[in-house]
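The sequence and the structure are shown below.

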Amino acid sequence: QVQLVESGGGLVQAGGSLRLSCAASGTIFSIADMAWYRQAPGKQRELVAAIARGGGTNYADSVTGRFTISRDNAKNTVYLQMTSLKPEDTAVYYCNADVYLLTRTRYWGQGTQVTVSS
């Protein structure tokens, strides 16, 4: 079994910064894509940023230029550096990882709350 554990969420004022981390543990051969999603109250879960094993990235338009996704393959960890935070960034942030063992399976973390006050 594979577990993803997120950390780094919290309360921050608008214009501030936070860094989220998500560490995968368990029986892992390798991890392909990793990503961060978010879900605000009453809204659908949306992709924030994704990163391939080789480092290629893509971002939602709403966070481009403010958020940076990165990963440490040796630690099976993905990060999300968030700067210039806005109240509309308030949401529960979830990480996921496509894990290879015998097959490719997507796992999700439990979520971490990010609240940006105006």
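The model is predicted: local features need pLDDT of at least 70, side-chain atom pairs count only at pLDDT 80 or more, and totals for chains, interfaces and linings use all residues. Residues are numbered from 1 along each chain as its sequence is written, and side-chain values use heavy atoms, with hydrogens and water left out.

Which residues does Asp98 contact, leaving aside its neighbours within four places in sequence? They are Ser30, Ile31, Ala32, Asp33, Arg104, Thr105 and Arg106, where contact means heavy atoms within 4.5 Å. The side chains of Asp98 and Arg106 are joined by a polar contact of 2.7 Å. A polar contact is a pair of N or O atoms within 3.5 Å; within protein, one must be able to donate a hydrogen and the other to accept it, and residues adjacent in sequence count only if both atoms are side-chain atoms.

## Salt-bridge network

Six salt bridges are found in a search of the whole structure, each being a side-chain nitrogen of Lys or Arg within 4 Å of a carboxyl oxygen of Asp or Glu. One of them pairs Asp98 with Arg106, with the closest N and O atoms 2.7 Å apart. Arg106 has a relative accessibility of 44% and so counts as partly exposed. Through salt bridges that share partners, Asp33, Asp98, Arg104 and Arg106 form one network.

Asp33 and Arg104 also meet through their side chains in a salt bridge (3.4 Å, N to O). This pair links distant parts of the chain, 71 residues apart: Asp33 is in strand S4 (residues 30–39) and Arg104 in strand S10 (residues 104–108). Asp33, at 33% relative accessibility, is partly exposed, as is Arg104 at 41%.

## A salt bridge between loops

A further salt bridge brings together the side chains of Arg66 and Asp89 (2.8 Å, N to O). Arg66 lies in the loop between S6 and S7, and Asp89 in the loop between strand S8 (77–82) and S9, so the pair ties together parts that are 23 residues apart in sequence. Arg66 is buried at a relative accessible area of 11%, and Asp89 is buried at 1%.

Thr64 is found in the loop between strand S6 (57–59) and strand S7 (67–72). A polar atom of the Thr64 side chain lies 2.9 Å from the backbone oxygen of Ala60. Thr64 and Val48, 16 residues apart in sequence, have a C-alpha to C-alpha distance of 9.1 Å.

## The disulfide

The structure holds one disulfide, a term for a pair of cysteine sulfur atoms within 2.5 Å. This bond joins Cys22 to Cys95, with an S to S distance of 1.9 Å. Cys22 lies in strand S3 (residues 18–26) and Cys95 in strand S9 (residues 91–100), so the pair ties together parts that are 73 residues apart in sequence.

Why is the disulfide right-handed? The torsion about the S-S bond of Cys22 and Cys95 is about 45°, which gives that handedness. Cys22 counts as buried at 1% relative accessibility, and Cys95 is buried with a relative accessible area of 0%.

Conventions:
Helices (H or I, at least four residues) and strands (E, at least two) are DSSP runs, numbered from the N terminus. Buried means under 20% relative accessible area, exposed over 50%, partly exposed in between (1.4 Å probe, protein chains only).
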